[in-house]
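Hi everyone, thanks for coming. Could you bring up the sequence and the model, so that we can walk through some strands together?

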Amino acid sequence: SIIDIDEIAPTVISIVTDDLDDKVKDTDVVRVTTTFSEAMTASPTIDIDLPNGTDISGASMTQSTTADVWYYDWTVSDGGDGTGTATITVAGSDLAANAYAGGDTDTVTIDNTAPILTITAADTSLIIAETSVVTFTFSEDVLGFEDADITLEGGGSLSSISATSSQVFSATYTPPSATTGTVTLTVGASAFEDIVGNNNTTATISFTVDTQSPTLSSVSISSSNSDSAKAKVGDTVTLTFTSSEAIQSPTVTIDGKAATISGSGTSWTATYALVSEDTEGALAFAIDFQDTAGNSGTQVTGVTDSSLVTFDETVPTVISIVTDDLDDKVKDADVVRVTTTFSEAMTASPTISIDLPNGEDISAESMTQSTTADVWYYDWTVSDGGDGTATITVAGSDLAGNAYTGTDTDTVTIDNT
């Protein structure tokens, strides 16, 4: 018989896995295949040095279709929460019992780390007409991240996501209208996975939304005048108003002039002292305001009640002072009606003074209103005791408090001879 003598040690041509990128995670089943330079006796063994778990040592391999190719089905079980490298080596002998003595290895990356998503936004406090770019940044490349993975609790809308890079995506958030509150954007767990197949964990971001315009629920105007609906030079006009929510210090004009503001939160007043250059008539005003978030309310120029302040800086004049005696000649005991017609309505009540030539003067006696507030009369019972001329003067103020400052008179002859 012929005996073949073989003293050449076998070599390893390759050690490969069926995972294309040699990146695996726990529970993956990976086939490790070793091709030797010649047929091997049953059976070669495999060692896998794990970064965290219990090493696999001297595990038998299974022959493939020929005795030079052997494989081992490895169920990955490393137990680490992070990543690491597993090193694979083999051992065995050829049919003549020559032992493989090489140092060939294959390395596999074990990745048990879930991909981390960080969500940021350009602005997380949004008001009317504002939007915010939302950025989704991943700790590693991922598969399957799409619009449907994102939910909004609290309203609003999000544009379709677009990729800035393999690990960064962005979208634009538009808040709901006429709303105040918190909106939460969430990417739920297990929505996508990394290249190895690790599922993601939940990530969220919250927005404070105020897209509600403030309003003024009550607005009233008054004057420091004794008649709060009238005003003269020097009187102070006060606007009192209440807002639907807390607002910043408002800007107020009265008759186009800046008013002095006081108040806080939802309760405010604005005051202005009238000067001679102000416009006579019903006083106009304007209130501009913003809530604390920066939303502007619609400018308010009218009251919510029936209040009104009319500015009057025109002093009244006397149109006439007359008596009902045709020739203005009287004697003691006559009852003479003295009637004064002013240029405008007067406040109650004007007074009359009669300077007598002989008797005791009549001083600042109240007059009586006639049919209208611009006409007033006084019934004078003549009592002088002599002859001469009586001089009649009047005084009073209009409804705004402007005093008559004229010197109009009427004279009456007293004849007791």
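Let me begin with a term: a residue is called buried under 20% relative accessible area, exposed over 50%, and partly exposed in between, using a 1.4 Å probe and protein chains only. Strands, for their part, are DSSP runs of E with at least two residues, numbered from the N terminus.

Now, what you see is a predicted model, where local features need pLDDT of at least 70, side-chain atom pairs count only at pLDDT 80 or more, and totals for chains, interfaces and linings use all residues. Residues are numbered from 1 along each chain as its sequence is written, and side-chain values use heavy atoms, with hydrogens and water left out.

Let's start at strand S24, residues 251–254. Which of its residues lie on the covered face? Those are Val252 and Ile254, while Thr251 and Thr253 make up the uncovered face.

Who are the partners of S24? Here, two strands count as paired if DSSP finds at least two bridges between them. S24 runs antiparallel to strand S29, residues 285–288, with 4 bridges joining them; there, threonine 251 has aspartate 288 as its bridge partner. S24 is also antiparallel to strand S25, residues 257–258, through 2 bridges, and isoleucine 254 stands opposite lysine 257. S24 and S25 make a hairpin with 2 residues between them, and aspartate 255 in that turn has a positive phi of about 55°.

Next, please find the open sheet of 4 strands with the order S21-S23-S27-S26, where the pairing is antiparallel.

Finally, look at another open sheet of 4 strands, S11-S20-S18-S14, where the pairing is mixed. Its edge strands are S11 (125–127) and S14 (150–153), each pairing on one side only. Neighbouring strands here are turned by 25° on average, direction ignored. S14 pairs antiparallel with strand S18 (residues 180–187) over 4 bridges, with threonine 151 opposite threonine 186.

Notes
Axes are lines fitted to C-alpha atoms, for helices over the stretch in contact, and angles run from 0 to 180 degrees between N-to-C directions.
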